[in-house]
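Look at the model first.

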Amino acid sequence: MLQVDGIEAGYGPVKVLYGVGFDVREGEVLCLLGRNGAGKTTTLKTIMGLVPPEAGTVTLAGEVISALPAHEVPGRGIGYVPQGRRLFSDLTVAENLEVGLMTRGKGKSTREHVLEMFPRLRERLTQRAGTLSGGEQQMLATARALCLEPRVLLLDEPTEGLQPSMIQLIRETVETMRAEGVAVILVEQRIEAVLSLADRVAFIENGRSREIVTATELRADDTLLRKYVGV
Amino acid sequence: MVVGAVPRLLPGVVGFAEEICITLQAWSFGAATRLRFQTLTGNDPGMEFGPHLLLAVLEGAVGAAVLALTALGLSLVFGVMRVVNVAHGEFYMLGAVVAWFVASVIAGHPALGFVAALVIAPLAAAVVAMVADRLVLKPVAYDPEATIVGTIGILYILQQAALMWFGPEARPVEPPFNHRIALPWYDWAAGEWFYPWGLSTTSYKLFVIAAAVVILLAFWAVLTRSRIGLIMRATQLDRETALAFGIPVGRVYSLVFGLGAGLAALAAVLIVPIQQAHYLMGGDPLLLSFIVVIIGGLGSVRGTVVAALLIGMSDGIISVFLSPTLSKILATLLVALVLVFRPQGLFGTRAA
Ligand SMILES: Nc1ncnc2c1ncn2[C@@H]1O[C@H](COP(=O)(O)OP(=O)(O)OP(=O)(O)O)[C@@H](O)[C@H]1O
Ligand SMILES: [Mg+2]
């Protein structure tokens with residue numbers, strides 16, 4: 001579904017990615033693992049076109065999307081849940097969802113479907129997003145991305161700072177997406193969540209792709225975990 | 001300050017005939033009122049306070065109305081694009097100059113030319129602004145410092161272009177209508193309604209106030225209720241995330257820069273029948289807009305409107321009763337106080 005080949009990218013003169021590549025299939029959850037500052041967020045931003053790649057390509061279902069202007073990338077069907085949620089804080093819950101719906105021209109039925117997945121948001125449609133609790137904000141950030149009816153879903157540390165029940169909800173959402181055939185790229189720090197949720201794991205070290213292994217292999221042998229994330 | 005046919009004040013005259021009264025004044029709210037007041041105090045030092053307050057409030061409201069529109073354009077551009085548009089006053093000037101061209105080309109009743117100017121001048125200013133956005137601001141990637149230098153360049157280009165094609169003269173635009181409206185004031189001594197000092201305003205001035213209110217409400221409705229308004233607000237709040245949800249931020253910036261210029265031009269079309277078009281007229285609205293936008297909070301629509309009312313009205317009133325210089329001193333002092341005690345402005349939110 002989505003293929004990343006040898007991307008190199010950075011911020012102005014600062015180079016961060018020196019060759020990152022992986023692919024994710026329909027109905028698969030691929031986890032990106034790496035230490036803080038390894039370049040996981042930058043990788044997702046490069047996929048979204050927010051950071052222009054200096055080399056390499058991103059291909060979505062056969063179409064090279066890394067040459068597109070950034071605003072045309074999400075329209076191809078990529079939903080993005082950024083690190084730190086990045087809600088439009090002064091807009092209401094309903095307006096945040098509306099922005100998500102506009103991206104691919106989705107309507108009422110999509111909105112209903114998303115609100116069924118996150119009923120708490122329905123009670124708070126007129127509330128300013130900035131005043132939601134942390135957990136509710138994460139629900140909204142996820143719901144906003146689901147409003148695209150994405151083919152590919154990018155989640156950047158969606159469980160950061162959440163309590164167990166909320167983590168469970170995010171996890172169920174990811175499983176639902178996988179069951180619906182969405183390709184999911186998940187950046188996650190908690191190893192046990194990675195091991196139980198991921199189909200495959202791609203390691204990133206200092207802006208370079210390292211081994212890509214199945215979660216089953218990783219569960220059996222933790223040397224890679226020790227090597228790249230130090231646990 | 002050139003003042004032409006200032007309405008003469010005939011004590012005790014009731015019911016003025018319709019009269020075209022063109023007051024030529026530079027941008028300085030309440031200048032006409034001030035003159036009237038000086039004449040009055042000369043004649044009658046025991047003047048009552050009430051009627052004059054009413055007049056000062058009206059003059060102040062005209063200034064506030066036009067200032068609100070102009071400052072809103074500046075605030076919108078800063079809010080969404082983080083660009084300090086030093087050329088904002090020149091788009092205002094452009095609006096006035098185009099209004100003059102349009103009005104002088106269209107024959108017939110002055111209202112025809114005026115209505116045409118009301119449509120054409122803001123559009124022309126918007127197009128020029130959008131071209132400037134593409135040619136100047138986009139190439140420097142909207143860098144905050146580079147755009148200040150860039151807009152200073154736009155300022156001089158527009159100003160000199162106006163000097164070349166429009167000339168150094170001040171040129172009037174005829175108002176679409178301009179009935180003299182005497183202000184009713186109940187005279188206690190006489191015990192009946194009459195107009196004791198011939199205090200008057202014109203129907204056109206009332207129209208300017210009403211038009212500005214309508215435009216502000218329409219702008220508010222577009223910003224809060226429409227899809228394009230949602231897109232602009234989302235872009236303002238988080239440019240990168242807006243991109244990640246398919247919002248064409250580059251096009252939104254062009255549109256916003258055009259809209260900001262259009263608002264300034266619209267304000268100028270409204271004021272030009274009272275004030276005259278001149279190629280240097282952009283300086284004062286720029287300064288006052290900055291004052292308003294700093295006090296109101298950059299990027300806050302509500303704050304901008306409230307601060308424009310505050311500055312416009314108090315400028316009108318203080319100028320009439322005390323002195324125009326004092327009014328400018330107080331406004332500047334207020335800016336200093338706001339910057340010290342509430343740098344985000346009265347209604348602004350702290351930058352995240
Ligand atoms: N806007 C930016 N400008 C300059 N450098 C940046 C910018 N954003 C990130 N970086 C740098 O790029 C490197 C990679 O950052 P990135 O956010 O991709 O890491 P990460 O793997 O997501 O880390 P974390 O696990 O802490 O979220 C870091 O060294 C960071 O300092
Ligand atoms: Mg990160």
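Phe177(B) counts as partly exposed, because its relative accessibility is 30%. The model is predicted. Tyr204(B) is buried, with a relative accessible area of 1%.

**Aromatic pairs**

Over all chains, the count comes to 11 aromatic pairs. One of them joins Trp100(B) and Phe166(B): the ring centres are 5.4 Å apart and the planes stand at 85 degrees, so this pair is edge-to-face. Trp100(B) belongs to helix H3 (residues 88–105) of chain B and Phe166(B) to helix H5 (residues 144–166) of chain B, so the contact ties together parts 66 residues apart in sequence. Trp100(B) counts as buried at 17% relative accessibility. Phe166(B) counts as buried at 2%.

Phe177(B) and Tyr204(B) also form a pair. Their ring centres are 6.1 Å apart and their planes are at 65 degrees, so the pair is edge-to-face; the cut-off for that class is over 60 degrees. Phe177(B) sits in the loop between H5 and strand E1 (180–182) of chain B, while Tyr204(B) sits in helix H6 (residues 203–225) of chain B, so parts 27 residues apart in sequence are tied together. Ring pairs also extend the picture to a cluster of Phe114(B), Phe177(B), Tyr204(B) and Phe207(B).

**Charges over rings**

Two arginines lie over aromatic rings, as tabulated here.

| Charged residue | Ring | Distance to ring centre |
|---|---|---|
| Arg208(A) | Tyr18(A) | 4.6 Å |
| Arg171(B) | Trp100(B) | 4.4 Å |

Gln83(A) counts as partly exposed at 29% relative accessibility.

**Annotated span**

The unreviewed UniProt entry annotates residues 2–231 of chain A as "domain: ABC transporter". The end C-alpha atoms of that span lie 29 Å apart. Residues 2–231 of chain A are 36% helix and 27% strand.

Terms used: Residues are numbered from 1 along each chain as its sequence is written. Chains are lettered from A and ligands numbered from 1 in the order in which they are written. This is a predicted model: local features need pLDDT of at least 70, side-chain atom pairs count only at pLDDT 80 or more; totals for chains, interfaces and linings use all residues. Side-chain values use heavy atoms; hydrogens and water are left out. UniProt positions are given in the numbering used here, feature names are shortened, and annotations may be inferred rather than shown by experiment. Helices (H or I, at least four residues) and strands (E, at least two) are DSSP runs, numbered from the N terminus. Rings of Phe, Tyr and Trp (its six-membered ring) pair if their centres lie within 6.5 Å; planes under 30 degrees apart count as stacked, over 60 as edge-to-face and the rest as tilted. Buried means under 20% relative accessible area, exposed over 50%, partly exposed in between (1.4 Å probe, protein chains only). A charge sits over a ring if NZ of Lys or CZ of Arg is within 6 Å of the ring centre and within 35 degrees of the ring normal.
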